[in-house]
Amino acid sequence: MPHDPTADQRFFQTTTRDFLAGTVPIATVRALAESGTGFDRDWWRHGAELGWTAMLVPESLGGGSVSGHPMTELALVATELGRGAAPGPFVTTTAVLAGLATVGDRLAETVGAIVTGETVATWAVYEPGMGFAPLTGTVYGTRAVATGDGFRLTGVKDRVEAADQADLLLVTATGDDGPLQLLVPADAPGVTVSPSWTVDLTRRTGRVTFDDVILGAEAVTHTGTEAVTALRAQAGAAALLTAAESAGAADRALDSTLTWLFERYTFGRPLASYQALKHRMADNKTWLEACRATAFAGAAAWDAGAPETAEYISIAKSYVGAKAPVIAQDCVQLHGGIGVTWEHDLHLYLRRITLGRALYGTPEEHRRHITDLLDTAA
């Protein structure tokens, strides 16, 4: 939590928590995990009505913040989604909007449809066998070649969130003059989407192949330095909200473990009375608070426009990515044999945290990024 959340922020968080509890309780999450779809489109539209998609978008384009601190509010939503292991393209949609919001009125209709939840948009940035290119500086193998009055797009993207349910793909590619981004309809001729398996049962990804996809010049959203600026915003938003989501999942796992330790008796005493287990829970609680603190520090830096924002975001993503899995794994162990069963809910949070560690920059990639930032500052 922020150190001093406003009344509006508290109300926004409570509304989100109540909505998730009423619409996607764990039983529903389990049902979605076993279904062919990761989330329900009508449910996502209702979430958009609560303001989940509006925070980074100017009011002129249909957006707006609750209290003037949009990233902090988004981090609150991400935390609640993590606590419920909830489905939905929240992180990837926010990343797309972080980039499109800088374009201006040219894409007003498209942005408005994404904000209302009528259109589902996702970011296609990863490529097979490659890391998170916005951090590693990798040249994108997906290419957009100018054809006179438009572009021909070829290449493959993987780890694309909600690829099988997206209407639009914001594709990061290499053009004739460097990086550029294009908005590609998911049903465009030459686009093939193949769902792929991930450890998370509801936050799904897919592989997208672009086989000589012909696009008009209007498909280009960013080129040159504008593309670099947009990519930084998209990468920062995705990394930060994934960290906040993982912190929320770790919080829920630790809460359930604490309850278990007080309810479970051995040799006439509750497990919570044993000193060794107390020490383990104290360590986990300390790490959890640090996860929260780093995530919301990154959000506060974003909202303040601080020059060290990128550094704070990488600190949050690297720390949470390293510690949240440790917390979740220890929670599983503290539950004993029941902790590794399918019927227990702990694995849902562990799965969310494990995928969150890998997406949008691993801890190792973000640590290297911090080093690069410090070298540049020096």
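Student: Let me start inside. Which residues line the largest cavity?

Tutor: A word first: what you see is a predicted model. As for the general idea, rolling a probe the size of a water molecule over the atoms shows where empty space is left. In this case, the lining of the largest cavity is made up of Gly 38, Phe 39, Gly 88, Pro 89, Glu 161, Ala 162, Asp 164, Gln 165, Thr 202, Arg 203 and Arg 204.

Student: How do those lining residues divide by class?

Tutor: Three are nonpolar, four are polar and four are charged.

Student: What volume does the largest cavity have, and how many cavities does a search of the whole structure find?

Tutor: Its volume is about 70 Å³. The search turns up five cavities of 30 Å³ or more.

Student: And pockets? What is the volume of the largest pocket, and which residues are closest to its centre?

Tutor: The largest pocket has a volume of about 660 Å³. It is lined by 26 residues, and the ones closest to the centre are Pro 134, Val 228, Leu 231, Arg 232 and His 369.

Student: Which helices and strands supply at least two residues each to that lining?

Tutor: Look for helix H7 (133–136), strand E5 (178–185), helix H8 (224–263), helix H10 (309–334) and helix H12 (363–377). The largest share comes from H8, with eight residues. By class, the pocket lining has 15 nonpolar residues, 10 polar ones and one charged.

Student: Now the packing. How are two packed helices described?

Tutor: You give the angle between their axes and the distance between the axes.

Student: What about H1 and H4: are they roughly parallel or roughly antiparallel?

Tutor: Helix H1 packs against H4 (residues 70–83) at an angle of about 25°, with the axes 10 Å apart. Angles under 35 degrees count as roughly parallel, so H1 and H4 are roughly parallel to each other. The crossing of H1 past H4 is right-handed. On the H1 side, the contact uses Gln 9, Phe 12, Gln 13, Thr 16, Arg 17 and Leu 20. On the H4 side, look at Thr 72, Glu 73, Leu 76, Val 77, Glu 80, Leu 81 and Arg 83. That contact divides into five nonpolar, four polar and four charged residues.

Student: Let me finish with H1 and H3. At what angle do their axes cross?

Tutor: The axes of H1 (residues 7–23) and H3 (residues 41–49) cross at roughly 165° and come within 11 Å. The cut-off for roughly antiparallel is over 145 degrees, so that is what H1 and H3 are. H1 passes H3 in a right-handed crossing. Phe 19, Leu 20 and Thr 23 of H1 meet Trp 43, His 46 and Gly 47 of H3. In class terms, the contact of H1 with H3 has three nonpolar, three polar and no charged residues.

Key: Residues numbered from 1 in each chain as written. Predicted model: local features only at pLDDT ≥ 70, side-chain atom pairs only at ≥ 80, totals over all residues. Heavy atoms only, no water. 1 Å grid on protein atoms, 1.4 Å probe; cavity = no way out; pocket = protein on both sides within 12 Å on 5 of 7 lines; lining within 4 Å. Points joined across faces, edges and corners; volume = space filled by probe spheres on them. Nonpolar A, V, L, I, M, F, W, Y, C, P; charged D, E, K, R; others polar. Helix = DSSP H or I, 4+ residues; strand = E, 2+ residues; numbered from the N terminus. Axes fitted to C-alpha atoms, helices over the stretch in contact; angles between N-to-C directions. Parallel < 35°, antiparallel > 145°, perpendicular 65-115°, else oblique. Left-handed = near helix turned anticlockwise from the far one by under 90°. Contact = heavy atoms within 4.5 Å.
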